[in-house]
Amino acid sequence: MTDGDSEHRAATSGAGRLFVVSAPSGAGKTTLCSAVRRHFGDLAYSVSYTTRTPRPGEQHGKDYFFITRQAFEAGIAQNRWAEWARVHGNLYGTSAQWIDETLATGKDILLDIDVQGARQMLARFPHAITIFICPPSMAALEARLAGRGTDDAATRALRLANAKEEMAQQDLYRHVVVNDDLERATRELIDLLTHYRAMPGTGRPRISP
Ligand code: ADP
Ligand code: 5GP
């Protein structure tokens, strides 16, 4: 082992890896992330806070923490969010305390956040491993959104318009996975995480002088 290796290990010990996954709504991110979480039983998943109303079947504390706009805005004033953004008219945020505490235990974290949030996380955690999930085409995206049956036509139109903007920002990400065939894309994502998890921690925050 070289001095460089030992320095790197010392600097990263106790710091888990941070995986940030984004995708335009309907690309299959929830489906893929669920499969990844089932595969890696020890991956910590950040449950976001949102002002959105729960969809049928969604559980408070499991899918999201559903909070009021007032509570969310109080969180902004108290610097409670590691990142936050307005997405499709609702506010979404990640708990800074949960991220810091979980990384400190050495656990690896999976974050499912939008492009604005990924940008903020990269500024705070430059070593974050960012992955963008792409639909095979805009037509496929439209069909998946309609097939999911959870959003009305106006919401779907808003999500499609945002999708075009998000697709244009995919260069921000270290990896792009095309969700064409679900099984193939799941395998690619699992292989990516397996690769990084075999390396020393890369999720450490930027240390200020
Ligand atoms: P997101 O979380 O990105 O909004 P979802 O995971 O909810 O997307 O997927 C949107 C819809 O597309 C769901 O009905 C899901 O079952 C379906 N879906 C996901 N991946 C694929 C795929 N590779 N091929 C076809 N349909 C898919
Ligand atoms: P949905 O309402 O479909 O669950 O999520 C809409 C979008 O919000 C998705 O792109 C999702 O990744 C994003 N999102 C979910 N949680 C967060 C979060 O904590 N921060 C940010 N910036 N985006 C989030």
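Q: What should I know before we start?
A: The model is predicted: local features need pLDDT of at least 70, side-chain atom pairs count only at pLDDT 80 or more, and totals for chains, interfaces and linings use all residues. Residues are numbered from 1 along each chain as its sequence is written, chains are lettered from A and ligands numbered from 1 in the order in which they are written, and side-chain values use heavy atoms, with hydrogens and water left out.

Q: OK, ligand 2. How many residues surround it, and which are closest?
A: 18 residues surround ligand 2, and the closest are K29, S48, R52, Y64 and Y92. A residue counts as near if one of its heavy atoms lies within 4 Å.

Q: Which side chains make polar contacts with ligand 2?
A: R52 is one of them, with a side-chain N or O atom 2.6 Å from an oxygen atom of ligand 2. A polar side-chain atom of E83 lies 2.7 Å from a nitrogen atom of the ligand. D112 has a polar side-chain atom 2.7 Å from an oxygen atom of ligand 2. A polar contact is a pair of N or O atoms within 3.5 Å; within protein, one must be able to donate a hydrogen and the other to accept it, and residues adjacent in sequence count only if both atoms are side-chain atoms.

Q: And how much of ligand 2 does the protein bury?
A: 95% of the 510 Å² that ligand 2 exposes when taken alone. Areas are Shrake-Rupley values with a 1.4 Å probe; for residues, only the protein chains shown count as cover.

Q: What is the make-up of that shell?
A: Six nonpolar, five polar and seven charged residues. Ala, Val, Leu, Ile, Met, Phe, Trp, Tyr, Cys and Pro count as nonpolar, Asp, Glu, Lys and Arg as charged, and the others, Gly among them, as polar.

Q: Switching to ligand 1. Which residues come nearest?
A: G26, K29, T30, T31 and R148, out of 14 around ligand 1.

Q: How much of ligand 1 gets buried?
A: The protein buries 74% of the 560 Å² that ligand 1 exposes when taken alone.

Q: Which element gives the largest share of the ligand 1 shell?
A: α2, with three residues.

Q: Now the largest pocket. How much space lies in it?
A: About 990 Å³. Of its 40 lining residues, K29, T30, R55, Y64 and D112 are closest to the centre.

Q: Which element supplies the largest share of that lining?
A: α2 again, with six residues.

Note on methods:
Helices (H or I, at least four residues) and strands (E, at least two) are DSSP runs, numbered from the N terminus. On a 1 Å grid over the protein atoms alone, a cavity is a set of points where a 1.4 Å probe fits but cannot get out, and a pocket is an open set with protein on both sides within 12 Å along at least five of seven lines; lining residues have an atom within 4 Å of a point. Grid points are joined across faces, edges and corners, and a volume is the space filled by probe spheres set on the points.
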